[in-house]
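Hi everyone, thanks for coming. Let me put the model up on the screen, and then we can walk through it together.

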Amino acid sequence: MDKYAVFGHPIKQSKSPQIHQHFAQLTEQVIEYTAIDPGLNNFVAEIKRFIKQGAKGCNVTMPFKEQAFEIADHVTERARLAGAVNTLTFNQDGSISADNTDGAGLVSDLKSNNAPLNKRILLIGAGGAARGVIKPLLDCHPESLVIVNRTFEKANQLAKMFEQYGNIASIPLERITSDMKFDLIINSTSTSLSNELPPIPDSVFAKHSFSYDMVYKGEATRFLSWAKQSGSTTCVDGLGMLVGQAAESYYVWRAIKPEQANVLSKLRLDLS
Ligand code: ATR
């Protein structure tokens, strides 16, 4: 049986084994998919051990996404631009291929929710999560993509890094004026994990705007509740992105794209 796993620290919370087993059933394949916590300092050694056991690939989550990048022999363009890796494939010749499917997962979920990807997008946050989704968002040809962040310099660096790929800009928080409206507002910060709000004014939400929180918590995040109060008509959490990135990884390994909507609704039911 082909072996896969997700590596992270901690890993108990991961939904990936559940999601990939759903995919295997849907595509009538049999795979083993486990969750491995290698401890903070043993990622590379544990990956090598996993390869020796005949494993075909793995997903990588916090805090190993940069280390995964470093051990790869071949890196896709989207992973290189993201500066991080969430999917490793162990090839027959002993080499390791690395990919990043997070951005594709986000865009696929936004598309299935009919998000206004061609309009004015505000991306809040400038950490690893933001960097991983910028190129896939620009590939949707938005009217504009504006990045804001608590630490402006990081937003500015990202905007410069990606300026060759589309209409992207950064703006300091204090320069957001009440006439700056956005149709799609994406929160990539970790604020929802600590039940905080990102530091943006509620004037950014255009009429009928669409808000997305990349965090999934099982209940509406504070950001999404606030977005709704501020006039956002569609508010969506990150569970679909999680399923989307997993489907894309499954495709990288198995060359077959599982149907996601079914898995997403099953997962919502299981988690409710
Ligand atoms: P990740 O890889 O998940 O993006 P990260 O690289 O640590 O994690 O980035 C976290 C993001 O959340 C950053 O944009 C961070 O802002 P700074 O760059 O200013 O640190 C943002 N963030 C975290 N806590 C925040 C808070 N309390 N208020 C505003 N922004 C916050």
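Of the 272 residues of the protein chain, 43% count as buried, meaning that 20 or more other C-beta atoms, placed from the backbone, lie within 10 Å of a residue's own. Please keep in mind that this is a predicted model: local features need pLDDT of at least 70, side-chain atom pairs count only at pLDDT 80 or more, and totals for chains, interfaces and linings use all residues. Residue numbers start from 1 along each chain as its sequence is written.

The protein chain has 10 helices and 12 strands; these are DSSP runs, numbered from the N terminus, with helices being H or I of at least four residues and strands E of at least two. Along its principal axes, the C-alpha trace spans about 60 × 40 × 30 Å.

Six strands make an open sheet with mixed pairing, in the order 2-1-3-5-6-4, where two strands pair if DSSP finds at least two bridges between them. Strand 2 (31–36) and strand 4 (74–75) are at the edges with a single partner strand each, so one side of each has no neighbour in the sheet. Strand 4 pairs with strand 6 (residues 96–99) in the parallel sense, over two bridges, and there Val75 stands opposite Ala98.

Finally, a record: UniProt lists residues 6–88, in an unreviewed entry, as "domain: Shikimate dehydrogenase substrate binding N-terminal"; such annotations may be inferred rather than shown by experiment, and positions follow the numbering used here, with feature names shortened. Over residues 6–88, the chain is 41% helix and 19% strand, with the end C-alpha atoms 10 Å apart.

Note on methods
Buried ≥ 20, exposed ≤ 12 C-beta atoms within 10 Å, placed from the backbone.
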